[in-house]
Structure formats: C-alpha cells, structure tokens
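The sequence and the structure come first.

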Amino acid sequence: MNAEAVVAELAQKARKASRSLSTATGAERKAALEAIAKAIESRSAEILAANVLDMASARAEDMHPQMQDRLLLTAERIAGIAGGARQVAALADPLGQTLRKSTLANGLELEQISVPFGVIGMVYEARPNVTVDAAVILLMSGNAALLRGSSSAHHSNEILVNVMKDALATTKISPDVIQLIPSEDRATTKALLTARGKVDLVIPRGSAALIRMVVDEATVPTIETGAGVCHVYVDEFADIEKALPILINSKTHRPSVCNAAETLLVHKAIAPTFLPMALKALSDAGVILHSDATAQKVADTFKIASTLATDTNWSTEYGVLEMNVAVVDSVDAAADHIAQYGTNHTEAIVTENKANAARFIALSDCAAVMVNTSTRFTDGEQMGFGAEIGISNQKLHARGPMGLEAMTTTTWIVTGTGQIRS
C-alpha cells in the first residue's frame, strides 16, 4: 500500500472514531485522559525500554546532542507527561461554549458555539512527549489525532500510542481516535500534508526547516508553530540583580527548546556595568559567545572568549549553549534589531521603567512579551494551559502557546419558529 493510501485509511478510521468524541460528554473525555495518565504511569518500564532502543540508535547515528535531549525519556519525564495529561483533564471543557448569542428582529435566535475541527494531523521531530501532549489536547477538545513523529522516536511513539489506545479501550471513547502514521517512509509526511478533505488541519512542531517544509508543501490548512530566535533586552533602567538570573535562565535552563534566548541586547548606558558580569556568567555556564564590535571590546578587555557576530549568527536559532550579544542605543534600537532578526516568538525586557516596558511591548510584534522574567515561561503548562500542542507565532486563529481553546472552531446555531426568507 502506498503512502497516500496508508494515510487515507488511517484518516478514515480516525474520522469514523471521532463520532465517539463528538457525542461524548466533557466528563467522559476527562475520564479518558485520566485513564491515559494512569496507564502511562503503570507502564512506565515498557516506555523506558522502548526509549532505550531509540536512544541507542540516536547515539550510533551521532545525533546532535540537542536532538538527543529532546528524544530522551526518563522516569521523571514520563511522570511529567502523565501529569500533563491530568492537568489537561482538569481544565474546563472547551466544547459547547457559547461565544455569542442574540435574537434578530424577525425572531431568529443566533448562537455561536465552540466545536472541534475534526481530524488533526501532527508532524513533529524526536520528541515522544509530543505524542501524548498532542493526543490528550486533541481528545479533550473533541478532535481525532493523526500523529506523524520522526523515525528516530519510532519505538517510543509506538509504545506510547499503544498505551493510550489500550487505556481508551476501557472508556467510552474509541481507541481509533488516535492513529500513528508510519515514520519509516518519508512519503507519509507529504501524504498527510496533502490529504485535503480527509484531514482538517495540520500542525508542525519542530525545527525551522520542518515547519517551513510543512507550510510550503501542505494543501491541508496549517497552524504554523514557529522557530524561536528569542531576545533578552536589558534596558538602561534594569535592576541588575534581576537581569543576570533572568538572562542565565533564559539561555541555559534548557537551551534546546524554542523559548530559550538566542541573543542578549544591552542598553549602552548600562553596558559598562552589566556587560562584563553578563559575559563572564554566560561564559562560566559554558555558553559560546558571538558579539558585536562594542561587546567584543568588553570581552577582549576582560579576556572572555567571544567572536565577532555575523548576520547569520543574529538570525540563528542555536538550540545549544551559544548566544549573540549586542549593545544598543535605545528601546527602539532593540526593537529594530528584533524586528530584523527575530521570529515573532518571545521577547523579554528587563527594566524598572514602566514607560520603556510599555514601548517595548508596543514595538514587539511577537506571540509573547516577557517583562522582568525569563523567556522560558512561554509554555502552555507554565502559563496554566496544561500540556500544549505547540507555540504559534503566526497571526491567524491562534497565537502563543496553544491549549484546548485553540483546537476548536465554531458553529452557528440558528433557531426559528417557522420563519422563511422573503
């Protein structure tokens, strides 16, 4: 069977099974997520054993350490995955919510309610946690899930999907609402992206190259989750005792993720004081530095290793312990730099000046702006949405961390008493 036929068959199964979601109550969907969480915990040893196989292949193939970190599952991470499912189950039901309601002069009653998209495809790389995060968010929002992970996570994804399906078999929700698309054949990705009419929406989650490929090739509607070239701007009115830990956390807490900072911008007035300690702290944390001419002079003066940054550096999402540093003249200059090189994901300002914070917010065309806090908080769980489906930096429908509400669309209910249009 060719890739198109495989995807079509799986999509048809998911579509048919989604009826069990559309007719399920919120309580029944919550119970299904609780069953999934419990099953993941009870079968943790099986999941870890499967992940060991994937990690062995990753090391044998010399996979980049950043990707290995994303692929790795531990007992703690599995517990976190189960916890994320429970957090989603504890959220308010996003379906059947009345968004607008009115009565027309002719007596017709109008009501706009939230409903599922239907069948949603996920394309993602080397992150088995996404297999569960995506499935539980889609199930709770009434959508069937077509999951196309990477071949590098084949064993991990397969056991996680099997665990979830077995859990659903004990509930009123059909196990077929979750379908794992084979990852051994790359053609299945294109087949999913072009399954218009069979799949209602596709969401990519991964590298900039993956996201661009999905956006360029898909005929199915997509929500673009974005690459993260994120910045920390330390304003002239910054509190240095806040700025330094915010910077270090933004860069080093988990450098492989999309909300990690890639560039430090420092106002020229505070640079003589802040820059030497910032460069030293970053260097001591193992961060490779690329600086503009002004910051490079400071690095040379204090014998801190750094190289002159290029245009390529400024626009790179490193995903590792590597960072750019520049000195700017003003809030507007920081915003200009971000507009030129950023990806509309997350930008942070550290300042005690409310007017400067407000101006930075106004000039930042991005999904999330952090004021006196780490870029690492652009995250569905950290922002109280439970597990997230991804972080959107586009402007249509959903923007920022996408939780349950972002996975719904709307239907208009028009109720009359026999009216006809003249």
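**Model and domain**

The model is predicted. The UniProt record, an unreviewed entry, places the feature "domain: Aldehyde dehydrogenase" at residues 5–284. Over residues 5–284 the chain is 52% helix and 16% strand, and the end C-alpha atoms lie 54 Å apart.

Helix H7 spans residues 154–168 and has 15 residues. From its first C-alpha to its last, H7 reaches 21 Å, close to the 21 Å expected at 1.5 Å a residue. The buried residues of H7 are Ser156, Asn157, Ile159, Leu160, Val161, Val163, Met164, Lys165, Ala167 and Leu168. Their packing partners include helix H2 (26–42), helix H3 (44–60) and helix H6 (128–140). Strands also pack against the buried residues of H7, namely E3 (119–124), E4 (144–148) and E5 (178–180).

Histidine 155 is located in H7. With a relative accessible area of 31%, histidine 155 is partly exposed. Leaving aside neighbours within four places in sequence, histidine 155 is in contact with Ala50, Leu53 and Asp54. With aspartate 54 there is a polar contact of 3.0 Å between the side chains. The C-alpha atom of histidine 155 is separated by 9.4 Å from that of proline 128, which is 27 residues apart from it along the chain.

Serine 150 sits in the loop between E4 and H7. Serine 150 is buried, at a relative accessible area of 13%. Its side chain makes a polar contact of 2.8 Å with the side chain of serine 152. Not counting residues up to four places away in sequence, serine 150 touches Tyr124, Glu125, Ala126, Asn157 and Ser183. One of these, Asn157, is among the buried residues of H7.

**Helix H14**

Helix H14 covers residues 331–341, and its buried residues are Val331, Ala334, Ala335, His337, Ile338 and Tyr341. Seen down the helix axis, these buried residues fall within an arc of 160°, so they line one face of H14. The face turned away from the buried side carries the exposed residues Asp336, Ala339 and Gln340.

At the N-terminal end, serine 330 caps H14, with a side-chain oxygen 3.4 Å from the backbone nitrogen of aspartate 332.

**Salt bridges**

Side chains of opposite charge can pair when their charged atoms come close. In the whole structure a search finds 17 salt bridges. Three of them are tabulated here.

| Glutamate 46 | Arginine 43 | 3.1 Å |

In the pair with arginine 43, glutamate 46 is partly exposed, with a relative accessible area of 38%. Arginine 254 lies in the loop between helix H10 (240–252) and E8, and aspartate 69 lies in helix H4 (residues 65–71), so this pair ties together parts that are 185 residues apart in sequence. Both partners are partly exposed: arginine 254 has a relative accessible area of 24%, and aspartate 69 is at 25%.

Glutamate 262 lies in strand E8 and lysine 251 in helix H10, so this pair ties together parts that are eleven residues apart in sequence. Glutamate 262 is buried, with a relative accessible area of 0%, and lysine 251 is likewise buried at 0%. Elsewhere, salt bridges that share partners join Glu34, Glu41 and Arg86 into one network.

**Positive phi angles**

Most residues other than glycine have a negative phi. Where in the chain is asparagine 344, which has a phi near 60°? Asparagine 344 lies in the loop between H14 and E12, and is partly exposed at a relative accessible area of 32%.

Asparagine 372 also has a positive phi, about 60°, although it is not a glycine. Asparagine 372 is placed in the loop between strand E13 (368–371) and strand E14 (391–392). At 26% relative accessibility, asparagine 372 counts as partly exposed.

How values were computed:
Residues are numbered from 1 along each chain as its sequence is written. This is a predicted model: local features need pLDDT of at least 70, side-chain atom pairs count only at pLDDT 80 or more; totals for chains, interfaces and linings use all residues. Side-chain values use heavy atoms; hydrogens and water are left out. Buried means under 20% relative accessible area, exposed over 50%, partly exposed in between (1.4 Å probe, protein chains only). Helices (H or I, at least four residues) and strands (E, at least two) are DSSP runs, numbered from the N terminus. The arc is that of the directions from the helix axis to the C-beta atoms. A polar contact is a pair of N or O atoms within 3.5 Å; within protein, one must be able to donate a hydrogen and the other to accept it, and residues adjacent in sequence count only if both atoms are side-chain atoms. The expected span of a helix is 1.5 Å times one less than its number of residues. Contact means heavy atoms within 4.5 Å. A salt bridge is a side-chain nitrogen of Lys or Arg within 4 Å of a carboxyl oxygen of Asp or Glu. UniProt positions are given in the numbering used here, feature names are shortened, and annotations may be inferred rather than shown by experiment.
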